[in-house]
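Please keep the sequence and the model in view while reading.

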Amino acid sequence: MHYSVCVFTLLLAASPVYAAQGQKQTTTTDPMAGLSMDQQMAVCESLKQAEQQNKKLDAKARSQLEVCHKMDASMQQDTTEAPAATLDR
């Protein structure tokens, strides 16, 4: 009986540790985290200019530029499709 209580207590103590480790591995860092939308737009504009001038970008700048391209692509998709309320009329 004493053995099973010890094992049960050990399992309860160990489960949050494993859960925390799994969360750390699955979290991805957002290169634009902590920036307002205006700041993100300014960063995107400067990165696009640097890309057009064929300047070398470091890893962080490249990941920020990828986020900029994704935002641009999603904005273009939103403008090409009619809103659902318009289609219902």
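The notes below describe the model by topic, from the overall fold to single residues.

This is a predicted model, in which local features need pLDDT of at least 70 and side-chain atom pairs count only at pLDDT 80 or more, while totals for chains, interfaces and linings use all residues. Residues are numbered from 1 along each chain as its sequence is written, and side-chain values use heavy atoms, with hydrogens and water left out.

**Overall fold**

- The protein chain contains four helices and zero strands; helices (H or I, at least four residues) and strands (E, at least two) are DSSP runs, numbered from the N terminus.
- Along the sequence, the pattern of the protein chain reads α-α-α-α.
- The protein chain has 89 residues, of which 11% count as buried; buried means under 20% relative accessible area, exposed means over 50%, and partly exposed lies in between (1.4 Å probe, protein chains only).

**The salt bridge**

- One salt bridge is present in the structure; the term denotes a side-chain nitrogen of Lys or Arg within 4 Å of a carboxyl oxygen of Asp or Glu.
- The partners are Lys48 and Asp72, whose closest N and O atoms are 2.3 Å apart.
- Because Lys48 belongs to helix 2 (residues 37-52) and Asp72 to helix 3 (residues 59-80), the pair ties together parts that are 24 residues apart in sequence.
- Lys48 counts as partly exposed, at 23% relative accessibility, and Asp72 also counts as partly exposed, at 26%.

**The nonpolar core**

- The largest nonpolar core consists of five residues, namely Leu47, Ala50, Leu57, Ala61 and Leu65; such a core is a set of buried Ala, Val, Leu, Ile, Met, Phe, Trp, Tyr and Cys residues joined through side-chain atoms within 4.5 Å.
- At least two residues of this core come from each of helix 2 and helix 3.
- Leu57, in the loop between helix 2 and helix 3, is buried with a relative accessible area of 19%.
- Not counting residues up to four places away in sequence, Leu57 touches Leu47, Ala50, Arg62 and Leu65; contact means heavy atoms within 4.5 Å.
- Leu57 and Leu47 are 10 residues apart along the chain, and their C-alpha atoms are separated by 8.4 Å.
- Ala50 is in contact with Lys55 and Leu57, its neighbours within four places in sequence being left aside.

**A buried glutamine**

- Gln64 is part of helix 3 and is buried, with a relative accessible area of 11%.
- With neighbours within four places in sequence left aside, Gln64 has contacts with Pro31, Met32, Val43 and Leu47.

**The largest pocket**

- The largest pocket holds about 180 Å³ of space.
- On a 1 Å grid over the protein atoms alone, a pocket is an open set of points where a 1.4 Å probe fits, with protein on both sides within 12 Å along at least five of seven lines, and lining residues have an atom within 4 Å of a point.
- Grid points are joined across faces, edges and corners, and a volume is the space filled by probe spheres set on the points.
- Among the lining residues are Lys48 and Asp72, together with Met37, Cys44 and Met75.
- Helix 2 supplies the largest share of the lining, six residues.
- The lining comprises five nonpolar, two polar and three charged residues; Ala, Val, Leu, Ile, Met, Phe, Trp, Tyr, Cys and Pro count as nonpolar, Asp, Glu, Lys and Arg as charged, and the others, Gly among them, as polar.

- Most residues other than glycine have a negative phi.
- Asn54 has a positive phi of about 55°, although it is not a glycine.
- Asn54 is located in the loop between helix 2 and helix 3 and counts as exposed, at 70% relative accessibility.
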